Amino acid sequence: MKNEKITIYTDGSARGNPGKAGWGVVFISGDKVWEMGGRSEHATNNQMELTAAIEALRHVKKSSGARGATSKETTARNGAENPTVEIFSDSKYVILGVTEWIHGWIKNGWRNAAKKPVLNRELWEELHELNKEVKPKWSYVAGHADSVYNNRADEIATSYADNLPMKLKT
């Protein structure tokens with residue numbers, strides 16, 4: 001996964017919200033497609049949406065070699081630059097949180113506009129660090145619409161939430 005574009009679709013699901021929950025990720029690079037998913041016995045939909053994005057970025061970071069180095073340093077080490085990453089999510093909570101709201105939360109000591117503690121702070125902190133390292137472009141996709149890959153991420157997430165994990169493309 002060097003010097004290429006990786007498109008990622010993420011989704012989360014919770015039965016009962018909170019309740020049994022799952023997350024799903026679909027990666028596309030060129031003509032290759034691969035998937036990941038996981039579950040939690042008790043989580044909210046928002047927690048699973050965040051977890052899907054975190055797991056996707058962890059995978060990209062791990063697969064791309066050292067991050068945080070300049071492109072020249074990475075090219076010298078790996079022979080190619082890090083991939084360009086675009087993440088599609090149907091969660092405005094995740095997209096707006098990681099691209100806009102988080103800066104104010106940090107500035108305000110992890111308090112939101114209502115001066116209350118930010119929910120899911122630990123997940124937000126991890127996502128923020130990964131976002132700074134991988135530097136993906138974040139894009140919104142309408143949920144349950146005509147996006148094949150977003151629908152597939154939803155299918156993976158809900159299958160894990162139902163504890164019926166499906167066969168994933170690897």
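These are my notebook entries on contacts and local geometry in one structure.

**Entry 1: ground rules**

I am working with a predicted model, where local features need pLDDT of at least 70, side-chain atom pairs count only at pLDDT 80 or more, and totals for chains, interfaces and linings use all residues. Residues are numbered from 1 along each chain as its sequence is written, and side-chain values use heavy atoms, with hydrogens and water left out. I took helices (H or I, at least four residues) and strands (E, at least two) as DSSP runs, numbered from the N terminus.

**Entry 2: aromatic pairs**

I looked up ring pairs, for which the centres of Phe, Tyr or Trp rings (for Trp, the six-membered ring) must lie within 6.5 Å; planes under 30 degrees apart are stacked, over 60 edge-to-face, and the rest tilted. The count by this rule is seven aromatic pairs. For Tyr93 and Trp124 I noted centres 5.2 Å apart and planes at 70°, so this pair is edge-to-face. Tyr93 belongs to helix 3 (residues 92-107) and Trp124 to helix 4 (residues 121-134), so the pair ties together parts 31 residues apart in sequence.

I then checked burial (buried is under 20% relative accessible area, exposed over 50%, partly exposed in between, with a 1.4 Å probe and protein chains only). Trp124 is buried, at a relative accessible area of 0%. A tilted pair is formed by Trp105 and Trp110, with 6.3 Å from centre to centre and 40° between the planes. Trp105 is buried at 10% relative accessibility, and Trp110 is buried with a relative accessible area of 10%. Which residues do ring pairs link into a cluster? I listed Tyr93, Trp101, Trp105, Trp110 and Trp124.

**Entry 3: helix 3 against helix 4**

Two packed helices are described by the angle between their axes and the distance between the axes. The axes here are lines fitted to C-alpha atoms, for helices over the stretch in contact, and angles run from 0 to 180 degrees between N-to-C directions. Helix 3 and helix 4 pack at about 100°, their axes 11 Å apart. The two helices are therefore roughly perpendicular (angles of 65 to 115 degrees; under 35 is roughly parallel, over 145 roughly antiparallel, and the rest oblique).

I looked up who makes the contact (heavy atoms within 4.5 Å). Helix 3 contributes residues including Tyr93, Val94, Gly97 and Trp105, while helix 4 contributes Trp124, Leu127, His128 and Asn131.

**Entry 4: charges over rings**

I searched for charges over rings (NZ of Lys or CZ of Arg within 6 Å of the ring centre and within 35 degrees of the ring normal). Lys32 has its charged end over the ring of Trp34, 4.9 Å from the centre. Lys92 lies over the face of Tyr140, 4.8 Å from the ring centre.

**Entry 5: salt bridges**

Side chains of opposite charge can pair when their charged atoms come close. With the rule used here (a side-chain nitrogen of Lys or Arg within 4 Å of a carboxyl oxygen of Asp or Glu), the count is 12 salt bridges.

Glu35 and Arg152 form one of them, at 2.7 Å from N to O. Glu35 is in strand 3 (residues 32-43) and Arg152 in helix 5 (residues 148-161), so this pair ties together parts 117 residues apart in sequence. Are these two residues buried or exposed? Both Glu35 and Arg152 are buried.

Arg58 bridges to Glu126, with the closest N and O atoms 2.5 Å apart. Arg58 is in helix 1 (residues 45-63) and Glu126 in helix 4, 68 residues apart. Arg58 is partly exposed, at 37% relative accessible area, and Glu126 is partly exposed at 28%.

Glu86 and Lys137 form a salt bridge whose closest N and O atoms are 3.8 Å apart. This one links strand 4 (residues 84-89) with strand 5 (residues 137-140), the two residues being 51 residues apart. Glu86 is buried at 10% relative accessible area, whereas Lys137 is exposed at 52%. Shared partners join Lys5, Glu86 and Lys137 into one network of salt bridges.

**Entry 6: Thr7**

Thr7 is in strand 1 (residues 5-15) and is buried, at 15% relative accessible area. Leaving out residues up to four places away in sequence, Thr7 touches Val26, Phe27, Ile28, Glu86 and Phe88.

**Entry 7: backbone details**

I found a cis peptide bond between Asn17 and Pro18, with omega about 10°. Pro18 is in the loop between strand 1 and strand 2 (19-29). His144, a residue other than glycine, has a positive phi near 55°; it is in the loop between strand 5 and helix 5 and is exposed at 62% relative accessible area.
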